[in-house]
Amino acid sequence: MTDASLSRRELRIARRLEARGGGALFACLRSLRGVAMRERFELAELRAVGGEGAIYRVRDRADPRSRLLGKVALAAWHRPARLSSKVLRRARRVVEAEARVLIVAGSPYLPHCEGLQQFDNPLLEAARGGEFARPEPCLVMEDVGGRDLDTWLCRVHRGGLDLPALRPTFDRLVADVLRALADLEER
């Protein structure tokens, strides 16, 4: 990828997906930039891609200073012949279930949820009917900020961090994760 409009993060995502044979998937995910949801939110640059979803920065037209992220279910949009209503329904259920957890839990360890927004997915042919005609769900939530674990791990693997200095950071991370899990269990 040599597209000048890609951020460093998007270039890193593109390289990882290309290494796994997913260059066409990256192009599809990239094409969702600028898609509007209910005329308030808009998908911006791609922030991360995982096994179950793609995370985008989200622009809020009502509050341009807000820091939001959106999670969209990950499907093989780059292989439309392999997509079925069953595959789409299963992928979308993950995002919908995560939205329910965020809304119901209301934990201080979880991001604030703006709810489950919807948009018409330009990657799908609505004429196929079923799940293809249904709007795409997008979980819009607060970007809690902090360190990007992916970037931090890249620095560790490159040898850019002093290993003894990692211990306090790792201990804080583990303690925060345990507090968050205990809070979720209570709720």
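Me: What makes the radius of gyration of the protein chain agree with that of a compact globule?
Reply: In this predicted model, the protein chain has a radius of gyration of 18 Å. The rule is 2.2 Å times the number of residues to the power 0.38, and for 187 residues a compact globule would therefore come out near 16 Å. The value of 18 Å agrees with that. Along the principal axes, the C-alpha atoms fill a box of roughly 55 × 45 × 35 Å.

Me: What share of the protein chain counts as buried, and what is the cut-off?
Reply: Buried means under 20% relative accessible area. Of the 187 residues, 36% count as buried. The accessible surface of the chain comes to about 11,300 Å², and 53% of this belongs to carbon and sulfur atoms.

Me: Why is R38 called exposed?
Reply: Exposed means over 50% relative accessible area. R38 has 53% relative accessibility, so R38 counts as exposed. Its place is in the loop between β1 (36-37) and β2 (41-49).

Me: Which residues does R38 touch, apart from those up to four places away in sequence?
Reply: R38 touches L116, Q117 and Q118; a contact requires heavy atoms within 4.5 Å.

Me: How do you know which elements the protein chain has, and in what order do they run?
Reply: DSSP runs give the helices and strands. The chain has five helices and six strands, and from the N terminus on they run α-α-β-β-β-β-α-β-β-α-α.

Me: What makes helix α1 and helix α2 a pair in contact?
Reply: The axes of α1 (residues 8-19) and α2 (residues 23-30) come within 7 Å and cross at roughly 145 degrees. E10, I13, A14, L17 and E18 of α1 make the contact with G23, F26, L29 and R30 of α2. By class, five of these residues are nonpolar, one is polar and three are charged. Gly counts as polar, so G23 is the polar one.

Me: What share of the contacts with a separation of 6 or more joins residues 24 or more positions apart?
Reply: Such residues account for 54% of those contacts in the protein chain.

Me: Where is confidence lowest, and where is it highest?
Reply: pLDDT runs from 0 to 100. The chain averages 86, and 93% of the residues score at least 70. Helix α4 (residues 149-158) is lowest, at a mean of 71, while strand β4 (residues 68-73) is highest, at 95.

Note on methods: Residues are numbered from 1 along each chain as its sequence is written. This is a predicted model: local features need pLDDT of at least 70, side-chain atom pairs count only at pLDDT 80 or more; totals for chains, interfaces and linings use all residues. Side-chain values use heavy atoms; hydrogens and water are left out. Axes are lines fitted to C-alpha atoms, for helices over the stretch in contact, and angles run from 0 to 180 degrees between N-to-C directions. Helices (H or I, at least four residues) and strands (E, at least two) are DSSP runs, numbered from the N terminus. Buried means under 20% relative accessible area, exposed over 50%, partly exposed in between (1.4 Å probe, protein chains only). Accessible areas come from the Shrake-Rupley method with a 1.4 Å probe; for residues, only the protein chains shown count as cover. pLDDT is the predictor's confidence in each residue, from 0 to 100.
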